[in-house]
Amino acid sequence: MRIIFVIGGPGSGKSTQCDLISKDYGLLHVSTGQLLRDEIVANTERGTKVKDMMARGELVPLVSILPLLLLLRERERERETRRLCSTVHRGPGDGEWTPFSPDGLPM
């Protein structure tokens, strides 16, 4: 399975580009922001924590996002769809941008 990551700051057009790319190439667009908003709407424990972080203007840590991606992977596994993921990633702590390898994502 191949995963393409589109990474950029808030409002940089990641979702717009991913929508266009997914239509042209038949990819499933996974927006981590939408996954988090869905958790908030579902009123889950994770959604409550995420809502509080977002209300304080904090970025949601990757450790809170990965389980959502793993759940999605399980739901979509049988479809064998190529994936396109738009996300904002910053390191823990001081909010500095940190590089990471998509190969390290357990998908």
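**Salt bridges and exposure**

Modeller: Gladly! The side chains of Arg56 and Glu58 meet in a salt bridge, at 2.9 Å from N to O. This is a predicted model, where local features need pLDDT of at least 70 and side-chain atom pairs count only at pLDDT 80 or more, while totals for chains, interfaces and linings use all residues. Residues are numbered from 1 along each chain as its sequence is written, and side-chain values use heavy atoms, with hydrogens and water left out.

Colleague: Why is the contact between Arg56 and Glu58 called a salt bridge?

Modeller: The term asks for a side-chain nitrogen of Lys or Arg within 4 Å of a carboxyl oxygen of Asp or Glu. Arg56 and Glu58 come to 2.9 Å, N to O, so the pair qualifies.

Colleague: What makes Arg56 exposed?

Modeller: Its relative accessible area is 54%, and exposed means over 50%, buried under 20% and partly exposed in between (1.4 Å probe, protein chains only). Glu58, at 37%, therefore counts as partly exposed.

Colleague: How do you know that Glu39 is buried?

Modeller: Glu39 has 14% relative accessibility, so it falls in the buried class. Its salt-bridge partner is Arg46, at 3.7 Å from N to O, and Arg46 is partly exposed because its relative accessible area is 27%.

Colleague: How many salt bridges does the structure hold?

Modeller: Three!
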